[in-house]
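I opened the notebook again today and wanted to go through the folds one element at a time. Here is the entry, with the model first.

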Amino acid sequence: MRENSGQSIPVDTVAEGPSGSLPITGDMLRNAPSGEIFGMTQNTGMGWNPLLLNGSQYLILGTMGGIRREDGSPIALGYHTGHWEIGLMMEEVAHEITAHQGIPFAGYVSDPCDGRSQGTTGMFDSLPYRNDAAMVLRRLIRSLPTRKGVIGVATCDKGLPAMMLALAGMRDLPGIIVPGGVSLPPIHGEDAGKVQSIGARFSNGELSLEDAADLGCRACATPGGGCQFLGTAATAQVVAEALGMSVPHSALAPSGQPVWKNMGRQSARALLQMERSGMVMKDILTDRAIRNAMVVHAAFGGSTNLLLHLPAIAHAAGLSIPTVEDWNDVNRKVPRLVSVLPNGPVPHPTIRVFLAGGVPEVMLHLRRLGLIDDSVLTVTGRTLGENLDWWETSERRQDMRNRLIEADGIDPDTVIMSPQEAKKQGMASTMTFPTGNLAPQGSVIKSAAIDPSVLDSEGVYRHTGRVKVFTAEKDAIRSIKLGHIQAGDILAVIGRGPSGTGMEETYQLTSALKHLPFGKYVTLITDARFSGVSTGACIGHIGPEALAGGPLGRLRDGDWIEIIVDTVKLEGSVNLVGDGEQSGSTQDGAELLAVRSEHPFLAVDPGLPDDTRLWAALQSVSGGTWQGCVYDTDKIIAALDAGRQALGWK
C-alpha cells in the first residue's frame, strides 16, 4: 500500500494532562480500594472537573445504536428506530444528574431488531440475546462499584426486557426504567406491522410493485421509537410502568418530542430521591407488582411474548414465577379495555393510547373494578394509589386527552374504554391457553386477535381441517407466496422451538395471513413464538416442543386436526383427530400419536449457532419456555453435577 506523499503526519508522544488535583485525603489513600482512586484519575482524564469528583455517581445504561450527527442525520445506521434516539434521552438524564451535583456515567448494550431479522437466520439469536444482554448489563452495573443507582433507557422487543431483567436482578440498588418511546405513523400509508406483509401481498396479486415500494418507504414516519402497534416493544413499556419501575405516564410517549425528553429529567430526579430515601428495587418489585403487571397486560391486550419476559423478570427479582394457571386466572377476570393496533377493534396507533392516558388511565378503570393492588410502591417513592389519585385530577391528564381530540378528532374514551363500553364493543379477553393431544404441556393464542367474523354466535372459533406440515419457516412462507395455502388449511410449523431455532418468531407467516383475504380462514400451530403484532388464529408455544419429543413432531401432511378456542370462557384445545379420508375422535388421534415416529425431516436447523444451542440447553434444564427461558443457576449446577456423576467424571 502506497504511503501519503505529502507532509508527514505529526504524532504527539506526551501530553500535559488535566490541571488541578484529586480531592483525596490521607484516610482515602490508606483505606480506599486502589480502584476507587484510579477511577478518579480516569474521570479527570476524560475531562471531568477534579473539584467535582466527590459527588454521588449514577449509572445510565442504554441500548443506543448507530451514530448520529448533531442534526440527527445518520453517519452509521442503527439496527432499528427503537434505539436511534436513545442517546438523546440519556443526555437529558445526564444533564439532570449533573444539575443536582451528581456524576453521571453511561454504558451501552445495543439490541437487535426482530423486524429486520424476520425470516432470516438472524432470528435464531433473537430470544437468546435477551439473556446475554441482561447478563452483560448486570456485569456493567457491578463493574462500577461506586454507583448509587441505575437508570436503564430501552425501547424494543429484546433490549427493554433485558434491561428490566438487569435492574430486577440488582435488588439492593435504586433503579428506574425509562421507556424509549414510540414512532409515529405516516399521514398516508401503513403502520410498521402491516407493511411487513408487502411481499406476501405482492406475491398474491394484492399489491402493485409501485404501491409496495411507496408504502415500504414511509411506514416509519419518525426516526426514533418502537413501532406504532402494541407489539412486544410497546407491551414491554406498558409492563415496565405497570410494575412500578417507570414514572407515571411514561410508556408509549412519542420519541424525540419534548414530552418524552422531560420524562428523562423526571426519572433522574426520581432516582436521586430513591437513593436519598433508601428505596431499592426489591421494594418495588414484589409478587403483588408482578400480578399488577399481568392484569395491565390483559387489559391492554398485550403481546404473548410477555409470557416469556414477565416470568423472567420475576425470576431475576427472586419472586414467585407466574404459572399458566395464574395467567389464565388473570385473563378470565380482566376485561380488555384498549382499542389499539393490532387487535382493534379500531386500529389506533400507540401514540393515541398515550394521549388517551396510557397506563395510568387503564389502571384507573382497573382500580374501580378492584383488580389491582394500589398499595404497592413505585419509583416515585409513592404508592400506586397515590400516583393514580394524582393522575385522576392532573392537568397533564386533561391536556393529553384534549390534544388527542384536537389533533386527530378522536374521543379518548373510544381508545381506552370503560369496562361497560368495552363489553358493548364485544372486546374479548386477551389470551387463551389451549391444551390437547398435540399440546399436553399447553400452548397460547391471542384469542382477542381472532377475526370476529370467523367466531360462532357464542364467541367460539372452530376449525377442523387437514394439516400441511412444514419443518422450516422459509418453506411455509414460500408456500403462502406461491398460492399453495388456501382457506380451510391448517399450517403446522414444527421443530422451531428453543432446540430447533432458538424459538424463532414467525411474524412473516402471521402478517401474511392477517393481510391476505383468505388468511382468516387458516389456522397456524407451532412450537415457535409470534411477534407481538401477530393476529389471527395462531397457536404458539406448543409444549413439549417437537424436538424434545413433543407430539407435534409426529404430524404428517393430510392429518386431521381439530381446533377449538372459546374466546369467552377462555378455554381451548388442539388435537389430532385422524389421518384417513374423514376426521375421527381425539382418542383416535392419541392412539395414532402413540405409535408414530418423528416426522422424517424434523431436525435442528443447520444454521443454528452454537451460542443458541447452549442457550437452549441451559434454559431447558432451568424450566423451559413456561418458566420464562431463564438461567436458573442452581438447577444448571445440579444438572451438571448429576451428569458428571452419571458419566463417572471427577
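Predicted model: local features only at pLDDT ≥ 70, side-chain atom pairs only at ≥ 80, totals over all residues.

For contact I take heavy atoms within 4.5 Å. Helices (H or I, at least four residues) and strands (E, at least two) are DSSP runs, numbered from the N terminus.

Residues are numbered from 1 along each chain as its sequence is written, and side-chain values use heavy atoms, with hydrogens and water left out.

**Entry 1: helix α3.** I looked up α3 (residues 86–99), which has 14 residues. From first to last C-alpha α3 reaches 20 Å, close to the 20 Å expected at 1.5 Å a residue (the expected span is 1.5 Å times one less than the number of residues). I then asked how many residues of α3 are buried. The count is 10 of 14, so I noted the helix as mostly covered, with buried meaning under 20% relative accessible area, exposed over 50% and partly exposed in between (1.4 Å probe, protein chains only). Among the buried ones are M89, M90, E92 and E96. Their cover includes β1, β2 (67–68), β4, β5, β6 and α10 (258–277). After α3 comes Q101, with a positive phi near 60 degrees.

**Entry 2: the open sheet.** I traced four strands in the order β4-β1-β5-β6, with parallel pairing; two strands pair if DSSP finds at least two bridges between them. The edges are β4 (103–108) and β6 (175–179), each pairing on one side only. Neighbouring strands are turned by 20 degrees against each other on average, direction ignored. Axes here are lines fitted to C-alpha atoms, for helices over the stretch in contact, and angles run from 0 to 180 degrees between N-to-C directions. I found six bridges between β1 (residues 57–62) and β4, with I60 opposite A106. Helix α5 (residues 126–142) packs on this sheet, touching β1, β4 and β5 (147–154), and its direction makes about 165 degrees with that of β1.

**Entry 3: strand β11.** Which residues of β11 (538–543) are buried? I found six of its six. Strand β7 (residues 442–445) runs antiparallel to β11, joined by three bridges, and G442 has G543 as its bridge partner. Strand β10 (residues 523–526) pairs with β11 in the parallel sense over two bridges, with L524 partnered by C538.
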